[in-house]
Amino acid sequence: MKIDSHHHFWNYDPLQYAWIDERMEVLRRNFGVESLRAEIGPAGIVGVVSVQARQAVEECRFLLEIACEACEVLGVVGWLPLQSKPTELMPLLEQFSANPLFKGVRHVVQDEPDDRFLLTDKFCRGLDCLKSFNLVYDLLLYARQLPAAIELVDRFPHQTFVLDHISKPAIRVSASGEPRFDTEWARQIRVLAQRPNVVCKFSGVVTEVRSAEQADALWTIETIRPYWDVVIDAFGPERTMFGSDWPVCLLQSSYLRWVDCVTTLASSLTAEEQYQFWFANALRTYNLSLPNAVRAIDGP
């Protein structure tokens, strides 16, 4: 039983998805339900959480329309204007929270020029509204933004946070192929993990692999293993969950290769720990409901 806690849908438009540049040719097409099914079936994934790829309210509607039709989509993490006035934000939260498939909100903090964006008054005011609707907040950051994230989590100890992509460490591979470990990322991750209201997605890791010349680099499981070891040690199997970041992962890996890589890394966990990592943590954190056919075989 496996849940993919992080993937995306889109109907490609260069204006709507301006972050997909000319170097990302593999992503410059539509990715819909049928494409997803072709990937998750062979990988043994029974359900997914669909996460926003555009910062627009329309993205919530787009993802929820798909979720209402596709039984594989167990929940949606959308985008809402958290910096807007409460009189504008609250009606949107009420509207989307009325749909039980709407599970959380995310902002693309990694693109904000201010590394302390998370701590701005307007953003914190909007984030504070989420607690009334039992919504998760997904943290999308670069490693350099972790100090601000730690302060934010301390301000909101009763809010559930999910750290996407293990906060995108700088995974560098030397000209000889030897990995260079991001020690500062590891230090900050361990500090963040001390906060019990944070869950970490082991997702989006391969797309952070770069050669010494900053170009995309070949990777092996040994490139990834040190980051897995830190995350599992810091958060434990009870607060770590699997995610693919498909189709973005296609920049560096097929869907099945990433699942196989993580399967190997997780093989040292006990059966109960693997059950938590692959399935139960996503189910609990996002308060997901399973289709009847899947529920019938639920178990470690």
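Reader: Is Q145 buried or exposed, and why?
Author: Q145 counts as buried because its relative accessibility is 0%. Buried means under 20% relative accessible area, exposed over 50%, partly exposed in between (1.4 Å probe, protein chains only). Keep in mind that this is a predicted model: local features need pLDDT of at least 70, side-chain atom pairs count only at pLDDT 80 or more, and totals for chains, interfaces and linings use all residues. Residues are numbered from 1 along each chain as its sequence is written, and side-chain values use heavy atoms, leaving out hydrogens and water.

Reader: Where does Q145 lie?
Author: In the loop between strand 5 (136-139) and helix 5 (146-155). Helices (H or I, at least four residues) and strands (E, at least two) are DSSP runs, numbered from the N terminus.

Reader: Which residues does Q145 touch?
Author: V109, Q110, E112 and D115, not counting residues up to four places away in sequence. Contact means heavy atoms within 4.5 Å.

Reader: What lies 3.0 Å from a polar atom of the Q145 side chain?
Author: The backbone oxygen of V109.

Reader: Zooming out, how many helices and strands are in the protein chain?
Author: Ten helices and eleven strands.

Reader: What share of the protein chain is buried?
Author: Buried residues are 58% of the 300.

Reader: And what box do the C-alpha atoms fill?
Author: Roughly 55 × 45 × 40 Å, along the principal axes.

Reader: What about contacts in the protein chain with a separation of 6 or more?
Author: Residues 24 or more positions apart account for 78% of those.

Terms used:
Polar contact = N/O pair within 3.5 Å; in protein donor to acceptor, adjacent residues only side chain to side chain.
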